[in-house]
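Trainee: Hi! Could you walk me through this one?

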Amino acid sequence: MKFCSLGSGSSGNCYLLSDAKETIIIDCGFNASEFERRLKRFEINPSSLTAILLTHEHDDHSKSIFSVAHKLKIPIFLTHGTFKMCHKKITKSLQLDLRFIKCLEVFRIGNISVTPIPVPHDAREPVQFKFQSNGKTFAIITDLGFGNKILLNEIHHLDGLILESNHDDDLLKQSRYPKSLKERISGMYGHLSNQESAKILNNIDTKRLSWLGASHLSKENNTAELVTKSWQKVLKNNLIDINIIDQDNGVNWVSL
Ligand SMILES: [Zn+2]
Ligand SMILES: [Zn+2]
């Protein structure tokens, strides 16, 4: 199993996960031409893409996802709540193969088992995904206010993890953002701070992790150094590198 990210942050998120047979898109928060440009940069042939997963309706995850699914003629997996909130994007001209998924009900795409994990976030029915294939387990966990017991249980033993680390609490407090936005971001249904993401790492067994990445960093209210510093404090597996997935460059293919 291998994965990459075409970029992550509030201007657009997109990941790809691949095994011998399938290449799955997870979210597409770029517009269609930017998505194609980034695929080209990563030397990915669009015809090799076999399925799409959507985590939730926010534009930085869903922007061109339905037109991409239509163009590539591949199925799109999403919760019913997310579907309901995306009705404006699902225009009549699009021919879509929609597959409805339920929280914690494992489904398969080829040989890849996918677990949709419910997360506390201000969307209708948001999920994040855990993938299992060939004895390896990998998860992408972003867009959540805190790590609840369901999440900690699902991501306890992983080989690879991408985890949101959106903002530093102090930088957010001092920022020029309006009070309501500050409260939204730092709330229980907002985004993980460096302190909250570190708490998650502290509460899971990271010994088996061979790859760890931080994503969805705020350009205004965070830095790679602050993420690294707060994560290093809690990592028991202190030999592991902390990779930062940024908005412009994402991260190139990583094999587990
Ligand atoms: Zn987001
Ligand atoms: Zn979101």
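Trainee: Which residues form the aromatic cluster?
Mentor: Phe-3, Phe-129, Phe-131, Phe-138 and Trp-211 make up one cluster. Keep in mind that this is a predicted model.

Trainee: And how many aromatic pairs does a search of the whole structure find?
Mentor: The search gives six. In one of them, the rings of Phe-3 and Phe-138 have centres 4.0 Å apart and planes at 10°, so that pair is stacked. Phe-3 is in strand β1 and Phe-138 in strand β10, so the pair ties together parts that are 135 residues apart in sequence.

Trainee: Switching topic: what coordinates the zinc ion (ligand 2)?
Mentor: His-56 (NE2), His-58 (ND1), His-121 (NE2) and Asp-143 (OD) do, at 2.2 to 2.4 Å.

Trainee: Why is the arrangement of the four donor atoms irregular?
Mentor: Because the donor atoms subtend angles of 92 to 167°, whereas tetrahedral would need all angles between 85 and 135 degrees.

Trainee: Which residue bridges the two zinc ions?
Mentor: Asp-143 bridges ligand 2 and ligand 1, and those zinc ions lie 3.6 Å apart. Asp-143 is buried, with a relative accessible area of 0%.

Trainee: Last one: what sits over the ring of Trp-253?
Mentor: The charged end of Lys-2 does, 4.5 Å from the ring's centre.

Methods: Residues are numbered from 1 along each chain as its sequence is written. Chains are lettered from A and ligands numbered from 1 in the order in which they are written. This is a predicted model: local features need pLDDT of at least 70, side-chain atom pairs count only at pLDDT 80 or more; totals for chains, interfaces and linings use all residues. Side-chain values use heavy atoms; hydrogens and water are left out. Donors are N, O and S atoms within 2.8 Å of the metal (3.2 Å for Na, K and Ca); water is not among the atoms, so sites may look incomplete. Four donors count as tetrahedral if all angles lie between 85 and 135 degrees; four count as square planar and six as octahedral if opposite donors are over 155 degrees apart and all others between 65 and 115; anything else is irregular. Buried means under 20% relative accessible area, exposed over 50%, partly exposed in between (1.4 Å probe, protein chains only). Rings of Phe, Tyr and Trp (its six-membered ring) pair if their centres lie within 6.5 Å; planes under 30 degrees apart count as stacked, over 60 as edge-to-face and the rest as tilted. Helices (H or I, at least four residues) and strands (E, at least two) are DSSP runs, numbered from the N terminus. A charge sits over a ring if NZ of Lys or CZ of Arg is within 6 Å of the ring centre and within 35 degrees of the ring normal.
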